[in-house]
Amino acid sequence: MNRLPGWLVGLLVAAPIVGLLVFYVWPFGNLIATAVDGESVRTVFGRSRTWSIVWFTTWQAVVSTALTLVVGLAPAWVIARFDFAGRRLLLGLLTAVFVLPTVVMGAAFLALLPESLDRTVWAVIGAHVVFNLAVVVRTVGTVWEHLPPDMEHAAATLGASPPIVFREITLPLIRPAATAAAAIVFLFTFTSFGVIRVLGAAGTRTIEVEVWRRATQLGQVDQAAVLALLQLAILGALAVWSSISARRSSRALQLRPLSGPQHPRTRNQRLLVAGVAGATAVVAITPMIALVVKSISTPSGWNFTAWTDLGSAEVRPGISLGLDPIDALRNSLETAAWTTLFATVIGAVAALGIAAARRGGKLLDAGLLLPIGTSAVTIGFGMLITFDTTPYDWRSTWWIVPVGHALIAVPFVVRATLGVLRAIDPQLSYAALTLGASPARAWREVVLPHLWRPLAVGAALAAAISLGEFGATSFLSRSGGETLPIAIEQLLGRTGSLLQTKGYALATILAAATIGLVMLVDRTGALVGGRSGARSDPENRTSRSERAGR
Amino acid sequence: MTPTHTRFAALVAAALLTVAACGSDDDASTDDASAESEAPGDTSETEPADTEAESTEAPSTEAPSTEAPSTETSDSTPAESEADDAEAENADTSITLVTYESFPSEGTRVNDELARFTAETGIDVEILIAGDTGTMLSKAELTAGNPEGDVMWGIDSTFISRAINSEIFEPYTADGLDAIPSDLTDLVPNGEATPVDFGDVCINYDIAALDDLGVDPPNSLEDLTLPEYQDMLVVQNPATSSPGLAFLLATVDQYGEDEWQDYWLSLLDNGVEVVDGWTAAYYEQFSYAGGDRPLVVSYGSSPPFEVLYAETELDTAPTGVVESTCYRQVEFAGILAGTDQPDAAQQLIDFLVTTEFQEALPLDVFVFPANADAALDPVFTEYAVIPESSREIDPDTVDANREAWIDEWTDLVLG
Amino acid sequence: MPGAEVELAGIRVAFDENVVLDDVDLRVAGSEVIALLGPSGSGKSTLLRVIAGIVAPDGGTVTIDGVDMTATPTHRRGVGMVFQDNQLFPHRSTLDNVAFGLKMSGVGRTERHERAATWLTRVGLEGFGSRRVTELSGGEAKRVALARTMIAEPSVVLLDEPLTGLDRDLHDQLVDELAELLHGSDATAIIVTHDVAEATAIADRTVLLDDLQPHGTARR
C-alpha cells in the first residue's frame, strides 16, 4: 500500500490541496479581507441589534442543547439497557430524523404545530430537540451500554436510592459522552439556518440568518462578512474552551461491555420501556406524518392537487413565483450527481494520498475538515464574493454549486475510505509483489477491491448532503437554478395557499430521498447497526456530515 | 470510553479545533487572497469588451433618436425592411428579462407585446422572476458583472440610487426617451436606467368586507391605528419589497424622521401583519383575494385590476384607495452590466418605452405608463386613483437614510 | 448490628423462557456464614441478586429478620454485596469509594473519611486513600471492595465469587483474611463460590444450590 512511487503520492496529495486552497482558503481569506474595514466593523459592533442577535443565537442554542440532553437521556437509557422488539428500528428512526435536511425538519414542524406556535422560538427549539435526539441517544447510549449495571447495583446495596445512584454514579460516568453530545448539538443549533428560515418569524435571527439577510436582502456584503467572522470567532473560542476543559476532565474509564442489553423482566420495566420507546417513536414519526398529511391538505380540501400539479408555482394565472418545483427537483438531482462525482473522486484521491503520505497526510486530513467546522452559509457567501472577477468569475458556472457541496462532502468520503485503506494488511501487497505482480497490478488486485464499498458509502453520503444542503446553496444558486431546499423554503413562505401545500409535497419527496439514501448506506451495514465498534463508526460521520452542511 | 465513542468525539473535536485553528491559518493567507482577488478587478471595471465594441456610440445618441426601434446596429439602417432584417440578424438570440414576481410571466397583453418584439426582431425574451424588488436588487448586486439576465425591469425610485451606486446597470439612452417626461428622466441624470412606469403605493381596502364589519374606510395613516381597524392591515417588509419600502417612506414623510417609529409601534399594537412581498400580501392575505385582512398596502391602480378581472361584471370597483396614504414610485428598466447581449438588450429597452408596449402596462402591471404618448384604457382612467398629490421624499434623503430606516424598522417591527 | 436471619421460600426466576431458579428454599441463621456451591451458570449469582433485590423473583418470598422484603428496593434492605468484579466507582478516589456507604447514611464528611481510612488500614491498604481505583492491583481492588461493603455494617453480606480470578498466593492469603473479616463481624454472610476448599475454609456451613431445588434439574 505504502509503496506508491513518490511522485504519485505527491500528485495525490497535491490535487485535494489545490482544491482546498482555491475553493476554501481563498474565499475565506477574501471574506476576512472584506470584513477588515474599520467602518463596517464599527457599524456592526456599534449596532445594539448585533448583540441581541448574538444573545438570541446563544440562548436558543443553550436551551435547545439542554432540552435535547434531558429529553434524550430516557431513550438513551432504554436503548442502552434493554433489548426489546423494535429497538434497532427506533435507533434507525432517530438516525433517519437526524439526517433529514434542515429545511425538511423545519417544514415538518411547521406542518405539525398549531398556528399559534408556528413562527415562534419554541417551534424552533422543538425542532432542534427532535432533530438532535439521535446525537444524545447514540453518543450517550453507547457509553451507557458499556457502563456495567452492577456498578449502579453496588451503589444501591450501599444505600443509594435510584435518584442518588443516578446523580452519584451514572451521571458522572456518562458526563464525558453527554458533554461531547452537547458540544455537537450546540454547534448545530448555534449555526442553525434552515430550521429558522422555515420555522422562525421574520424577526427570529441567528447570526447565520443575519449574515444571509444582510448579504442577500440588504446588499450589505461587508457587514455580513463581519458577522460571519464574529460567528466563527465565537465558535472558535468555544472550541478552545471545550477542548481545554475536556482535557482537564478526561479520565480513562475502563468500561467493559458486559452482558449487553437485557429484555425487560418486570411489569414496571416493561411499562417503562414501552412508554419511553413509544413516546420517542411518536416524537420522531409525527412530524414526518404531518408533512405527508399537509401535502394533501389543500385550500380546497383533501386532494392530491399539490402532487399532480407540482410543475408550476403560480400565485394566480400569469403571476408566478418564478420557480418550477419539477425543475428544482431536476436541479437537485443534477447537483447531487455532480457533487457525488466530485466528492468521490477528490475524496478517494485524498484518502489514497493521506494513507500514503503519513505526516503530510495528517495535515491534509485536518485541512479537509475545515469546511465542516466553518458554517455552510459562510462557505457559500465567501465563494460568491470571491469568484466574481474575470477570469475567476465562476458565479454562473454549472459547477459552482456542486463544488460548494463537495467541499462539505469530501471529508466524509475520506473518512469512510481511509479506515478501510489503513486496515488493508500491507503484507497482502507484499505477498502479491513477491508472487511477481507489478506494483500497479498488486495495487489493483489487492487494494482496489476493498475500496468500492467505502466509496459507495461515501458517494451515498455525498448525494444525501447535496440534496439537503441549504446554507451554501442560498448564496450560490441563481434564479432558475433553485434546488429542492431553496424551493421548499420559498413555497412554505406562502401561507395558506396551494403553494405552501406544494412546499410540503416537495419536502416529502426530499425526506423520502434522503432516508432512501441513508437506508442504502445502512444496507451495507455501515450505518444504523451502531453497536460493534468499527462498523458503527461511519454512521456517526454520516450524521455529522449530513448536518455539517446546513 | 468505547472506541466508537472516542473516535466520534475525536472527529468532532478535530472539527471544532480546526475552526479555532483556521483563524490563524487563514490570517496568514489573507494578503495573498485579497491581492489575487483584487488584481483582476481592474479588468472588470472597464467592463466586458464586447459591450464596448458594439455600442460605443449608444450613450451619445440622445438627441437624434430615430423613430424606428432596433436601428442600433450600424449595418441595418433602412427602416422599412427593419423587421425582416433584424429578425434574420438576431435569429436564435435569446435574452433574459429579470423582474419582480408580480410581473406577468404569461397570458397577458404585456406578454403578447413581448412576443411581438420577438416576432419583429428575432430576439426571444425569457422572463426570469427574481423575487421581490429588494431581493432582486440584492441578487443583482451580488452577481454584478455576471448578471442572471440581460435586462432588469422594476427597480423603483426608492431603490434606484442603491442600484446606481452598486453599478449593476450599464448606462444606455433609449430611443424614444424624449417621450418620457423630464421629471421622471431627471431621477437618472446619467442614464443608468430608463423610467418605464410610475404609480402610487397606497392603502387599499376591501369595500364589501368593511361593509360587513360595519366599519367606514380609513381616511388617513393615523386612522390605521384606531381600534376599529385592529388586525385588519397587512403590509410588506420594506427590506424585501418595494411597496413595503414606499409605505415606510410614506410614514416617514407623514410623521418625520423622529416620530415614525412611534406610529409603527401603534400599528404593531393594532395588530399589523408583515409579509415579505406584495404578491403574498395582496393575493394571500388581502380579504378581497381570499385572505382575512381587509386593508393592504398596494397600488392606486389596484381597483381597476379588480374590475377588469372580476368574475362577474362590476360597475364599481370592489376595492378602494385611501388617497392620503399614497406614495409616488417610478419604476425603471436597465441593462445589466456584464450582459453578453448588449445589442439585444438595448433593443429590448427601446421596445419597453414604445407607445404600444407602454399602453399594455396599465392593465397588466397596474402602473401608469412613463411614455406620455401612451393612451390609457378607459377602465383604467375610470377606476384608477391618481391622487392630487402623492407623497414623495427627496431621493437624496432616501438614499442617505434607506438602510438605516430599514434596519430601524426591522428591529422595531420584526423584533 | 447483629446478623439478620435470611429466609428464601419458593424462589423462582426465569429470564425469558429460561428458568434459572426453580422453587428455591433457603434459611440462613443470624450471623451465620454459609457458602453456596454450584457449577458456574447454575444460578448462584442470581440467587444473591434476588436476596439483594437486584433481580425481582418471578415467584417466592425473601424474608430478612422476619420481614417480607420481596418488594423492598435494594437500598432499603440493609444488604451489602461484594461483586465478582468489585464494581468500584472509577470516578472516585479509593477513600471515597470506601466512604460511599457512610455518605449514603448521612455520616459527615470528616467522620466518614476517618472511618474509611481506618478501614483501609484494616484491609492492609494504609495510605491508599488518594489512589485512583483504576490503578489498583487485583488484590488491592478486592480489599477496597470488601472494605466498602463492610464499613456500612450491613446485617447481611453477600459475596459473589469474591476470590475468583486472583493468583494462587493472593487467593490463599485473602481466604484467610476474608474468613477473619466475616467471623469478626456479626453480619450474616452468604458466599457464592465454585471452589469447595475455599467454601469450607471460610464458611460455617456449605450448601449445594442443587440441593435447594426440589426439581434440581430445572436449571439450564
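I looked up which residues join α7(A) to α8(A), and found that A:Met151, A:Glu152, A:Ala155 and A:Ala156 in α7(A) meet A:Val165, A:Glu168, A:Ile169 and A:Thr170 in α8(A), contact being counted when C-beta atoms, placed from the backbone, lie within 7 Å. By class this contact has five nonpolar, one polar and two charged residues (Ala, Val, Leu, Ile, Met, Phe, Trp, Tyr, Cys and Pro count as nonpolar, Asp, Glu, Lys and Arg as charged, the others, Gly among them, as polar).

I note that this is a predicted model, in which local features need pLDDT of at least 70 and side-chain atom pairs pLDDT 80 or more, while totals for chains, interfaces and linings use all residues. Residues are numbered from 1 along each chain as its sequence is written, with chains lettered from A and ligands numbered from 1 in the order in which they are written.

For the geometry, I read an angle of about 135 degrees between α7(A) and α8(A), with their axes 10 Å apart (axes are lines fitted to C-alpha atoms over the stretch in contact, and angles run from 0 to 180 degrees between N-to-C directions). The two helices are therefore oblique to each other, since under 35 degrees counts as roughly parallel, over 145 as roughly antiparallel, 65 to 115 as roughly perpendicular and the rest as oblique.

I then turned to the neighbouring chain: 22 residues of chain A are in contact with 20 residues of chain C. On the side of chain A that touches chain C, α7 (149–157) and α8 (162–190) each supply at least two residues, and α7(A) gives the largest share, seven residues.

Methods:
Contact = placed C-beta atoms within 7 Å. Helix = DSSP H or I, 4+ residues; strand = E, 2+ residues; numbered from the N terminus.
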